[in-house]
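Hi,

Here is the structure I promised to pass on. Have a look at it first, and then read my notes below.

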Amino acid sequence: MTVSGIIKRIGGVFLVLLGVMLLIFIMLRIIPGDPVSVMLSEHVSQETIDRIKISMGLDRSLPAQFFSYLKGAVRGDLGESYFLKEPVVDLIAEAFPYTLKLAVFAALIAWAFGIISGMICAMFNNSFPDYLFRGLSLFGVSVPIFMVALCLQYLLYFKLSVFPLSYDGSFGSMVLPAIALGWNSAGSVARLTRSSLMEQLGSPYIDTAMAKGLSYKGAVIKHAFRNAMLPIVTMMALQFSGMLSGAVITESIFSIPGIGKLALTAIQTRDMPLLQGTVLFTAFLIAIGNLLADVLNALLDPRISVS
Amino acid sequence: MKVKDFIRNRMAFFSAVIIILIVLFSLVIPAISGFDPAGQDLSSRLCPPDSVHFFGTDELGRDVLTRLFYGTRISLLVALIPTAISVLIGMILGITGAYCGKWVDFMIMWLADVTLSVPGMLLAMVVLYSFGGSFISVFLSLVILEWGSIARIVRSSALSIQESEFITAARTMGVRSLSIILRHILPNLIPTIIVLFTLNIPTSILSESALSFLGIGIQPPGVSLGLMVNQSRQFLFDMPWLALAPAGMIMILVLAFHFLGDALRDILDPRSDI
């Protein structure tokens, strides 16, 4: 891993973020008709439309608008929410801790379950535990997240009353959303752990370790697992940035006031600056997640270089 | 040979049968059930399942079974068409990038990176904000969501095919670029493309249902499985089947296409012939 490799990679991240900004900017402004009347989505007088247009700077040419938005974004100013009348950055800063808490919790549950069940599958290949956990992980990747959430609400709130129905600030009320959000990730981590570990278990160095007197369990945990973790760590970094930015459904079902809910509010109230800001922020998180995944991979495996 | 492999692969065969049955039912049931998917009957609201309404009725007295298969029809349509379009776009751009290289490749991959670095749901939300919740905008948002990853995979497969000696031979013989692409690269990419198409269908089904569930995808009076789950959420604790039937249908469809895609990959993988 060279310094120039990392610098090149960071340059790439900036280029992609600039592209995201341009894409979102264009997409929100090629609206058929006038962006302000779409935003208001009701009949208002032409004077009101003109007034809002001027106050939001939408009367200027598109390149001028883009550059002033870009300049603001670099300084940490993403404009003001039209509906909530607050700076977009403040709203994101308010919402982000909730999303972060949810993502950390979901990731811990998902990874613990995913890695352990993947290991069991690989160690007991083609026997009952393997089939059981493989079936479960398949459910993990194929069940829509809202179905998981609704089933959890039905079973653990309505039938057994173990956890509250929606988020109320308590620790317990984070459990159901975290399981719902982590469900898919657990499935994919389990599948990847299984295949990656199986590949390592077929390598000659495992036979050597066992010939030297190490038990099968010891060989799996001390040798195979460490090498098998490489692709899993990459996947985990990507999943985590995905959870931070893509929890729209979970946050909406469990009423968690996080980033996803903010984006949904933005689209429901037709708040263009807020939608633009949240999308840009999440793209930033994903880009950082991808970069971290690459760097982590290079740190863990000297054979890979960042560039 | 391939057909025999397909039938021998139990998972693929079983999934294909399930998909065919669901498609057949979704074509036939709304036509023969005798109920209109939008026909309201306020005198029989929220009926539990009985011999007339096998899955009961919803809050407006509409037959759930009819709506279930009608919604499946729409969800399948919304899944198939955008997937086909994104595979086509991804294929053209992926091959072009791989073949032209240099700045064309750079631009295409940059564009793919850009769309891939925005979370799918949020990117779709931006499209739906601009174009409203209609069929066409759901189609468009799914295409924008999916083409990037397809283009990347096609590009890397095309790059490895280009390294082959038969391509060098064709070039040395003076074959034109277009016919190298159409006659030599494309036929070798077909297995990859078929697998990509099959494996992207469940992604589309899940994305469409998620958008409709959030109330920003297909809008009423349209019917879609995600929208049905959303509408029956309020009755979850009293009549769970109203939400679970459409959600279960999504799950069966996703699983079936997933298995089919996996099996097709095994069967079509040229290495498995050796």
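Between domain 1 of chain A and domain 2 of chain A there are 0 salt bridges (a salt bridge being a side-chain nitrogen of Lys or Arg within 4 Å of a carboxyl oxygen of Asp or Glu). Polar contacts between these two domains come to 1 residue pair, with both residues at pLDDT 80 or more. A polar contact here is a pair of N or O atoms within 3.5 Å; within protein, one must be able to donate a hydrogen and the other to accept it, and residues adjacent in sequence count only if both atoms are side-chain atoms.

Before I go on, some housekeeping: this is a predicted model, where local features need pLDDT of at least 70 and side-chain atom pairs count only at pLDDT 80 or more, while totals for chains, interfaces and linings use all residues. Residues are numbered from 1 along each chain as its sequence is written, chains are lettered from A and ligands numbered from 1 in the order in which they are written, and side-chain values use heavy atoms, leaving out hydrogens and water.

Back to the two domains. Domain 1 of chain A covers 3-74 and domain 2 covers 88-300; domain bounds like these come from an automatic or database domain assignment. Their centres, taken over C-alpha atoms, are 32 Å apart. In the contact (heavy atoms within 4.5 Å), domain 1 of chain A takes part with 17 residues and domain 2 of chain A with 15 residues. About 1500 Å² is buried between them, and carbon and sulfur atoms give 75% of that. Buried area is the accessible area (1.4 Å probe) that two parts lose on being put together, summed over both.

Which elements give two or more residues to the side of domain 1 of chain A that touches domain 2 of chain A? They are helix 1 (3-29), helix 2 (35-40) and helix 4 (62-74) of chain A. Helices (H or I, at least four residues) and strands (E, at least two) are DSSP runs, numbered from the N terminus. Helix 1 of chain A has the largest share of that side, with 10 residues. By type, that side of domain 1 of chain A has 14 nonpolar, 1 polar and 2 charged residues. For these classes, Ala, Val, Leu, Ile, Met, Phe, Trp, Tyr, Cys and Pro count as nonpolar, Asp, Glu, Lys and Arg as charged, and the others, Gly among them, as polar.

Now for the two chains together. Here 41 residues of chain B are in contact with 46 residues of chain A. The area buried between chain B and chain A is about 3900 Å², 83% of it from carbon and sulfur atoms. Again the count of salt bridges is 0, and 3 residue pairs are in polar contact, both residues at pLDDT 80 or more. On the chain B side, helix 4 (102-116), helix 5 (120-131), helix 8 (177-213) and helix 10 (240-268) each supply at least two residues. Helix 10 of chain B gives the largest share, 12 residues. The side of chain B that touches chain A divides into 32 nonpolar, 6 polar and 3 charged residues.

Buried means under 20% relative accessible area, exposed over 50%, and partly exposed in between (1.4 Å probe, protein chains only). Leaving out residues up to four places away in sequence, His258(B) touches Leu138(A), Val141(A), Arg191(A), Leu199(B) and Pro202(B).

The peptide bond from Pro220(B) to Pro221(B) is cis, with omega near 5 degrees, and Pro221(B) is found in the loop between helix 8 and helix 9 (225-232) of chain B.

Back in chain A, Thr193(A) sits in helix 8 (residues 175-201) and is buried, at 0% relative accessibility. A polar atom of its side chain lies 2.6 Å from the backbone oxygen of Val189(A).

Cheers
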